[in-house]
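Dear colleague,

Please find the structure below, handed over for your use. My findings come after it.

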Amino acid sequence: MSETVRLPHKPDTPLSYRFVPGQGPLSTSYLIVFLNGLIIPQTGWQATIDDLYRRRAEHSRSDSRPSLLTYDRYGQGESARDPADEQHGGSHNIHEVVSDLHVLGQEIWKIKSRRFLEEQRGEENGGKGMMPKLVFVANSIGCVIARLYAETYPGTVASLLLLDSNIANSDLVSVFPDPDASGFDPAVLPKDVTVDDLRRTRAAYTANFHPSVPNPEHLDRLNIAELLPYSDSPKLTGLKDSKGPWITVVGHDWETFAEEGLRGSMNVPKSLTNTFMNPAWGRYNEGLARLTDKERARGPVIATGCGHFIQRDDPAFVARLIEELLRDIEARLQNQ
């Protein structure tokens with residue numbers, strides 16, 4: 001069941017979250033934070049969390065597990081609208097989101113970890129632990145938030161599981177050639193696609209996905225491409241060993257994504273998606289895997305049968321990837 005918290009810098013505005021305490025050594029040293037996209041709120045992670053706990057119970061030799069945190073950003077799900085909107089013309093930017101996340105992590109850890117430690121260790125030791133190492137599990141624009149957080153607060157993020165990140169440096173429309181540009185050659189189009197199909201697809205992407213399109217969260221996305229112009233830089237800093245964090249990059253299944261585009265309201269020809277959008281997204285994911293040291297990167301891994309919302313389409317697959325991350329963390333702890 002979710003709860004609400006009022007952050008110190010926004011004391012009049014409730015933020016909805018759910019905190020699941022861990023147990024054992026990992027519970028006091030690591031915190032898994034789930035970062036939503038624009039569409040699916042924190043409840044979208046529940047099936048993954050349920051499967052993760054089942055896997056830990058059935059297959060893990062360790063009874064240690066980290067605490068988990070899900071939340072709805074301001075203006076999303078069960079959270080109230082961001083009060084910063086009133087000060088910035090009706091919206092807030094992604095820096096505001098990253099800052100809110102940082103404060104939320106501090107507050108929740110202070111409140112929940114202190115209470116948990118008091119119960120486990122006694123009053124005199126409660127709440128004296130340092131902030132945990134963060135593990136981000138993110139989808140869509142949540143991956144952009146994870147990157148910017150790790151960049152803004154270097155040395156705090158141990159691992160990132162990036163599930164079909166937004167292409168942060170693109171408006172998505174320009175992924176497709178412009179039929180009205182000088183020098184456009186219709187020969188670049190698949191044989192079953194007309195120039196009118198291309199023009200209609202670009203118009204649909206403009207109406208639905210361009211950064212200028214308003215969203216219920218009132219998140220202004222116009223400067224994201226400027227903040228993150230490259231998929232593979234700047235390199236991220238991990239914990240105190242001067243190397244980057246452990247990163248797993250996961251991409252959607254090209255065929256599933258193309259099929260959803262065809263059957264959805266935009267009715268995008270599959271061959272158009274497979275000729276332009278899917279390859280561009282694949283190259284972007286390859287860049288994300290270069291944000292850290294080569295030996296700490298995995299992927300891009302393709303989520304077979306999944307569209308953009310991988311945690312919705314295959315929560316068990318996401319749970320397995322998290323479990324693998326946890327096993328790697330435990331192995332590193334044992335070798336220290």
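This is a predicted model: local features need pLDDT of at least 70, side-chain atom pairs count only at pLDDT 80 or more; totals for chains, interfaces and linings use all residues.

Residues are numbered from 1 along each chain as its sequence is written, and side-chain values use heavy atoms, with hydrogens and water left out.

An open sheet of 8 strands runs in the order β1-β2-β4-β3-β6-β7-β9-β10, with mixed pairing (strands are DSSP E runs of at least two residues, helices H or I runs of at least four, both numbered from the N terminus; two strands pair if DSSP finds at least two bridges between them). β1 (3-6) and β10 (297-303) are the edge strands, each with a single partner, so one side of each has no neighbour in the sheet. Strands β7 (157-163) and β9 (246-252) pair in the parallel sense over 5 bridges, and L163 stands opposite V250 in β9.

The largest nonpolar core has 63 residues, and L35, F136, Y205 and M277 have the most contacts inside it (a core is a set of buried Ala, Val, Leu, Ile, Met, Phe, Trp, Tyr and Cys residues joined through side-chain atoms within 4.5 Å; buried means under 20% relative accessible area, exposed over 50%, partly exposed in between, with a 1.4 Å probe and protein chains only). A second, separate core of 27 residues includes I32, L52, A158 and F317.

S79, in the loop between β4 (67-71) and β5 (92-93), is buried at a relative accessible area of 8%.

Kind regards
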